[in-house]
Amino acid sequence: MNPAAASTPPFVGGVANYGFSDADFAVIARRAQMDFGLHLTVVKKDLVYSRLTKRLRQLGLTDFASYCRLIESDAGADERMAMLSALTTNVTHFFREEHHFQTLRETVLPPLIKAARAGGRVRLWSAGCSAGQEPYSLAFILLDLCPEAARLNIRVLATDVDPVILVRAKAGIYENDELKAISPSIRAQHLDTVAGQPNCFSIGAKAREIVTFGELNLMQDWPIRGPFEVLFCRNVAIYFDKATQSRLWSRFAELITVGGHLFIGHSERVSGPATASLEAVGVTTYRKTPGESGNKMNIFEGVA
Ligand SMILES: C[S@@+](CC[C@H](N)C(=O)[O-])C[C@H]1O[C@@H](n2cnc3c(N)ncnc32)[C@H](O)[C@@H]1O
């Protein structure tokens with residue numbers, strides 16, 4: 001048999017038709033839920049088909065039954081990650097949802113910087129950081145308020161489940177079009193030109209110094225002790241079902257210091273037991289209170 005023909009799906013009405021049964025959809029939905037917390041109901045079947053056919057083409061597979069066998073096998077670990085990338089979006093930009101950065105600048109960061117200047121420890125976490133625009137935006141604001149931040153105990157942790165997007169984030173090189181939301185003064189201080197790429201800019205050394213990237217699946221164990229004074233997890237939980245979201249908020253609440261802040265995406269809301277210790281203080285902005293079982297750590301103790 002001609003191998004090329006073997007990897008070509010049948011054509012129906014001139015369009016390639018990769019067989020996709022309800023059972024195939026159920027396998028993909030269960031795997032996406034188990035590994036990544038993704039919530040795929042049957043109304044998303046067409047969307048899943050259109051997002052994943054590109055994967056099948058690249059793998060030379062002709063139907064979803066073969067694809068399901070691959071993602072269910074031990075050899076399918078890389079493909080499970082590629083599936084996640086195909087099913088979710090990495091859309092992000094600098095200073096997205098600007099009001100959060102305004103709150104940071106005006107009310108959240110000044111006392112934290114004061115504490116850090118007195119020797120305290122300050123940690124920010126961008127969970128689901130995509131290509132890095134969110135944590136670098138945090139770094140820009142920090143450095144604007146505290147140019148010596150790298151010499152203090154102030155750091156931004158930036159994590160994502162997707163290793164491919166993290167390569168981009170660590171490279172920290174962006175096209176001019178992506179930098180529109182960055183003010184001229186931040187551009188002048190924190191963006192460098194890139195030799196041979198006239199349309200690109202690179203994140204400067206000072207901002208890179210305070211941001212650390214790492215791969216982390218929010219559905220698994222977190223090798224993170226915390227606590228964090230600021231936690232950004234925006235436009236990530238939107239993919240999860242209610243129970244998974246509720247567990248996530250509780251896990252975050254455990255890691256946020258009393259008085260610390262959680263910022264979430266514009267269409268997300270904290271729900272479940274975490275509402276006892278995360279009070280809404282602004283648009284999709286929450287502050288950690290002692291709550292019922294909240295941690296009692298406070299970075300100001302003994303510092304300021
Ligand atoms: C739409 S982007 C949001 C980026 C940024 N937080 C923002 O609001 O602009 C969603 C990111 O969440 C990541 N993500 C999806 N599921 C995840 C999981 N289970 N654990 C960690 N990150 C996840 C994706 O890889 C993607 O980079």
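How many Å apart do the C-alpha centres of domain 1 and domain 2 lie? They lie 33 Å apart.

## Basis of the model

This is a predicted model, in which local features need pLDDT of at least 70 and side-chain atom pairs count only at pLDDT 80 or more, while totals for chains, interfaces and linings use all residues. Residues are numbered from 1 along each chain as its sequence is written, and side-chain values use heavy atoms, with hydrogens and water left out.

## The two domains

The protein chain is divided into domain 1 (3-87) and domain 2 (98-288), with bounds from an automatic or database domain assignment.

## The interface

In domain 1, 9 residues are in contact with 10 residues of domain 2 (heavy atoms within 4.5 Å). The area buried between the domains is about 750 Å², and carbon and sulfur atoms give 55% of it; this is the accessible area (1.4 Å probe) that two parts lose on being put together, summed over both.

On the side of domain 1 that touches domain 2, the elements giving two or more residues are helix H2 (22-36) and helix H5 (77-87). Helices are DSSP runs of H or I with at least four residues, and strands are runs of E with at least two, numbered from the N terminus.

Strand S11 (residues 278-282) and strand S12 (residues 285-288) run antiparallel and are joined by 4 bridges; strands pair if DSSP finds at least two bridges between them. Gly-282 stands opposite Thr-285 in S12. The hairpin has 2 residues between the strands, and Thr-284 takes a positive phi near 45° there.
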